[in-house]
Protein chains: 2
Amino acid sequence: MFDPASLKYDVNGLIPAIAQDAESHDVLMMAWMNAEAVAQTLQTGRVTYWSRSRKSFWVKGESSGHVQELVELRVDCDRDCLLVLVRQTGPACHTNRRSCFYTAIREGAETEIMKPMI
Amino acid sequence: MFDPASLKYDVNGLIPAIAQDAESHDVLMMAWMNAEAVAQTLQTGRVTYWSRSRKSFWVKGESSGHVQELVELRVDCDRDCLLVLVRQTGPACHTNRRSCFYTAIREGAETEIMKPMI
């Protein structure tokens with residue numbers, strides 16, 4: 001059985017989790033989990049992070065409705081990073097863009113490549 | 001002009017960088033950059049990380065030949081994470097798998113979903 005305690009967490013007890021759209025394969029966001037958030041994500045099927053600013057669990061979309069349904073959790077070779085395949089409802093970004101990675105560096109300048117969905 | 005110093009680095013001066021295959025959209029790996037690694041990546045077109053274990057720059061593939069050619073660098077909304085679209089030669093993972101995320105949690109157990117390429 002997979003044990004969340006077997007992962008490698010940083011000095012704050014956190015591990016980076018990359019959320020990727022299971023259908024489009026777009027990378028949506030990166031946030032952090034602790035062992036309990038990993039366990040809750042697997043148990044509930046609702047992707048749950050640890051909010052470093054609020055110092056509390058963050059069930060993604062709990063207030064906005066922009067939930068992430070877990071499709072599959074993957075662990076990297078060093079066991080210190082997670083890839084979370086999700087079914088994303090609406091925007092993943094708090095700016096209402098589908099992905100947080102909407103700024104590209106093109107010819108040395110920042111370029112917005114994605115508009116808010118709503 | 002984009003200035004790498006405008007990004008948000010952690011207490012160690014590092015920012016996580018997610019490497020994604022520009023063609024297949026597979027997430028290949030996650031590693032860390034400092035401001036100088038970001039600048040070098042943009043200048044040279046060769047993706048360059050900061051190795052936390054070796055405490056030195058790590059031009060990906062310099063010894064293995066499994067280089068990452070930069071296609072596009074993207075910054076997230078909080079400016080504290082990078083998405084690096086790359087053209088990957090061979091495996092990205094030191095285990096010779098295409099991606100470091102070759103372990104999936106399925107029905108509560110770890111399952112290897114990718115074999116070494118070479």
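Copies of a chain are superposed by least squares on the C-alpha atoms of residues with pLDDT of at least 70 in both. This is a predicted model, in which local features need pLDDT of at least 70 and side-chain atom pairs count only at pLDDT 80 or more, while totals for chains, interfaces and linings use all residues; side-chain values use heavy atoms, without hydrogens and water. Residues are numbered from 1 along each chain as its sequence is written, and chains are lettered from A and ligands numbered from 1 in the order in which they are written.

Q: What makes the relation of chain A to chain B that of a two-fold axis?
A: Two copies of a chain are related by a rotation about an axis and a shift along it. Here a rotation of 180 degrees, with 0.0 Å of shift along its axis, superposes chain A on chain B at an RMSD of 0.0 Å. That is therefore the relation of a two-fold axis. Within chain A, the residue that comes closest to the rotation axis is A:His25, at 3.0 Å (C-alpha). The same surface serves both copies, since 100% of the contact residues of chain A recur in chain B.

Q: How many residues of chain A are in contact with chain B, and what does contact mean?
A: Contact means heavy atoms within 4.5 Å. By that rule, 39 residues of chain A touch 39 residues of chain B.

Q: What is the buried area between chain A and chain B?
A: Buried area is the accessible area (1.4 Å probe) that two parts lose on being put together, summed over both. For chain A and chain B this comes to about 3000 Å², with 62% of it on carbon and sulfur atoms. A:Cys77, A:Phe101 and A:Ile105 supply 20% of the area that chain A buries against chain B, more than any other three residues.

Q: Why is the pair of B:Arg106 and A:Glu72 called a salt bridge?
A: The term requires a side-chain nitrogen of Lys or Arg within 4 Å of a carboxyl oxygen of Asp or Glu. The closest N and O atoms of B:Arg106 and A:Glu72 are 2.6 Å apart, so the pair meets the rule.
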